[in-house]
Amino acid sequence: MTGSMGRQGGFDLHTHSVFSDGTTRPAEIAAEAAALGLSGFALTDHDTIDGWDEARAAAHTVGIDFLPGIEITTKFGGRSRHLLGYGIDPGAGELFAALAAVRDSRLWRAREMVRRLSVDYAITWEAVLGEGDARTVGRPHIADALVLAGYAPDRGTAFAEILHPGSPYYLGTHAIDTDDAIRLVREAGGVSVLAHPAAFRQRAPLPVDDLGALAAAGLWGVELAHPENRADWLPPLAAAAATLGLEITGASDYHGAGKPNRLGECVTSSDLVARLRSSVRVPG
Ligand code: AMP
Ligand code: FE
Ligand code: FE
Ligand code: ZN
């Protein structure tokens with residue numbers, strides 16, 4: 001659809017705010033989603049749920065639905081894999097202890113990357129922390145500091161030229177095993193969806209055998225409609241998802257000005273979201 005009307009209906013099930021590495025507040029995402037005519041959205045900040053309250057209140061104000069979510073930093077088969085969790089109970093101790101460990105590791109890793117970078121680039125830890133809204137710190141915040149200091153025109157360039165995994169400044173971070181994270185999300189009353197399994201920045205798509213193993217671990221769905229999924233990598237995953245009985249979701253992975261992804265550019269039907277909400281402990 002073109003023009004100012006935007007899309008009608010559906011849910012954008014993957015968005016980031018200033019509480020992680022998005023550039024807009026949860027309330028701004030809610031307002032934008034309403035202006036686009038979306039039925040609702042999920043806030044899925046990396047490894048934190050601290051944006052939920054603002055998002056929920058703003059969604060109520062603008063008259064759309066809010067689905068509480070999170071994007072968990074996980075790894076499987078030696079590869080980084082992002083797992084979306086929806087409808088989880090904020091009181092789930094084991095899950096939130098594991099998330100706190102991920103955030104702590106990210107903080108240490110970002111400080112160490114900045115220490116290494118500061119030998120060659122005039123950036124400071126204070127500049128990386130910026131306004132201080134982020135509960136989860138990552139390379140995007142370091143990229144923003146590099147952009148602010150004039151070393152790159154935008155985040156994407158900072159990633160490509162300075163922050164990529166092959167760079168001497170790069171460090172990995174602690175991640176939860178994906179199958180463990182699926183179990184923790186289930187025990188927290190939620191459902192999990194594997195994010196962007198065919199993203200073009202990966203060396204290869206998620207192996208279909210891995211999708212089978214994750215389905216056996218209790219995975220609910222897979223995010224096949226995502227702007228960064230490569231169309232030529234999708235058919236085997238779509239076939240496997242059908243065989244395994246996995247739900248198929250669509251979402252934009254909106255990061256405000258931090259990525260080209262536009263809110264609502266991929267969506268999930270309201271019918272599927274209604275089914276999702278009926279099977280989780282915290283549906284709104
Ligand atoms: P980290 O988990 O700290 O290593 O950083 C990964 C995050 O950076 C992911 O959430 C991506 O959304 C974001 N990211 C990765 N590559 C890029 C890029 N080229 N431009 C903007 N954001 C990116
Ligand atoms: Fe991100
Ligand atoms: Fe992701
Ligand atoms: Zn994301």
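Colleague: In the hairpin of strand 3 and strand 4, which residue takes a positive phi?
Modeller: In this predicted model, strand 3 (residues 65-76) and strand 4 run antiparallel and are joined by 8 bridges. Gly 69 stands opposite Tyr 86 in strand 4. The hairpin has 2 residues between the strands, and the one with a positive phi near 60 degrees is Gly 77.

Colleague: Which residue in strand 6 stands opposite Leu 83?
Modeller: Strand 4 is also joined to strand 6, by 4 bridges, and these two run antiparallel. Opposite Leu 83 stands Leu 194.

Colleague: How many of the 8 residues of strand 4 are buried?
Modeller: Buried means under 20% relative accessible area. Strand 4 is largely enclosed by the rest of the structure, because the number of its residues that are buried is 6.

Colleague: Which residues are the protein donors of the iron ion (ligand 3)?
Modeller: The donors follow the spacing E-x10-H-x113-H along the chain. His 82 lies in strand 4 (residues 79-86) and His 196 in the loop between strand 6 (191-194) and helix 8 (208-216), 114 residues apart. At 2.1 to 2.2 Å from the ion, the donors are Glu 71 (OE), His 82 (ND1) and His 196 (NE2).

Colleague: Is His 196 buried or exposed?
Modeller: The cut-off for buried is under 20% relative accessible area. His 196 has a value of 11%, so this residue is buried.

Key:
Residues numbered from 1 in each chain as written. Chains lettered and ligands numbered in written order. Predicted model: local features only at pLDDT ≥ 70, side-chain atom pairs only at ≥ 80, totals over all residues. Heavy atoms only, no water. Donors = N, O, S within 2.8 Å, 3.2 Å for Na, K, Ca; no water. Buried < 20%, exposed > 50% of the residue type's maximum accessible area, 1.4 Å probe, protein only. Pairing = 2+ DSSP bridges.
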